[in-house]
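Okay, thanks for coming, everyone.

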Amino acid sequence: MTSRPQGEPLVRLTGVNKWFGDLHVLQDIDLTIDRGEVVVVIGPSGSGKSTLCRTINRLEGIEQGEITIDGQRLPEEGKQLARLRSDVGMVFQSFNLFAHKTILENVSLGPIKVRKHSKADAEKRARELLDRVGVGAQADKYPAQLSGGQQQRVAIARALAMRSPRSCSSTSRPRRWTPR
Ligand SMILES: Nc1ncnc2c1ncn2[C@@H]1O[C@H](COP(=O)(O)OP(=O)(O)OP(=O)(O)O)[C@@H](O)[C@H]1O
Ligand SMILES: [Mg+2]
């Protein structure tokens, strides 16, 4: 990118608002990051940290506000956007869930295909495990609609589902999962 006058912040977010449907995920975000500055964003799982980062290289659009990098507004598309993305790095959270399957299917597929459990048993067990790790309400969504931490917990539920050699009617349970 072309160099800007000294003192210009490297990243500036002004009045940024973003919604996912009814979910107002980014609310009036004002953030200024200078060259060489290290900023840590801390918040509960699902609070919008990754979404905030994704808006900065325009992997996510915003409904309101302005984002500038090195004093320039984020390009909408085309070569300029490609250049921006090559300048703004991002390390993704990824847990290799099947993108085209729902959360419930991701957790019940292994027990059905590999353990030969019935669909009903596997789905009942999957819902129990999803509830246990705190993402039961996300069962019918697809992985891309979940936060990184939520996906991480689905991956934990999937692993637990495969570890149990018994059907969901068993009284035996995996060891207690402790939230981060
Ligand atoms: N593409 C999407 N469609 C709908 N909702 C989404 C989408 N991406 C994220 N969300 C929701 O937006 C909220 C914020 O997600 P985000 O990934 O920014 O959270 P996070 O703070 O990074 O969480 P974590 O610490 O778990 O990684 C969550 O409630 C998530 O379910
Ligand atoms: Mg995240």
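Before I get to the ligand, a word on classes: Ala, Val, Leu, Ile, Met, Phe, Trp, Tyr, Cys and Pro count as nonpolar, Asp, Glu, Lys and Arg as charged, and the others, Gly among them, as polar. And keep in mind that this is a predicted model.

With that, the shell around ligand 1 comes out as 5 nonpolar, 13 polar and 1 charged residues. Which of the 19 residues around ligand 1 come nearest? Those are S50, T51, S147, G148 and G149. In terms of elements, β2, α1, which is 49-56, and α5 each supply at least two residues of that shell.

Okay, stepping back to the overall layout. We've got 5 helices and 4 strands, and along the sequence they run β-β-α-β-β-α-α-α-α. Of the 180 residues, 19% count as buried. If you take the contacts with a separation of 6 or more, 59% of them are between residues 24 or more positions apart.

Now the sheet. The 4 strands make an open, antiparallel sheet, in the order β2-β1-β3-β4. β2, residues 23-33, and β4, just 72-73, are at the edges with a single partner strand each, so one side of each has no neighbour in the sheet. β4 pairs with β3, residues 64-69, over 2 bridges, again antiparallel. If you want a spot to look at there, T68 stands opposite R73 in β4.

In our model, the largest nonpolar core has 15 residues, and the ones touching the most other members are I103, V107, A126, L129, L130, V154 and A157. The elements giving two or more residues to this core are α3, α4 (119-132) and α5 (148-163).

Let me zoom in on two of those. I103 is in α3, which covers 103-113. Why does I103 count as buried? Because it has 29 C-beta neighbours inside 10 Å, and the cut-off for buried is 20 or more. Leaving out residues up to four places away in sequence, I103 touches L130, V135, Q138, A139, K141, P143 and V154.

Notes: Residues numbered from 1 in each chain as written. Chains lettered and ligands numbered in written order. Predicted model: local features only at pLDDT ≥ 70, side-chain atom pairs only at ≥ 80, totals over all residues. Buried ≥ 20, exposed ≤ 12 C-beta atoms within 10 Å, placed from the backbone. Contact = placed C-beta atoms within 7 Å. Pairing = 2+ DSSP bridges. Core = buried A, V, L, I, M, F, W, Y, C linked by C-beta atoms within 7 Å. Near = placed C-beta within 6 Å.
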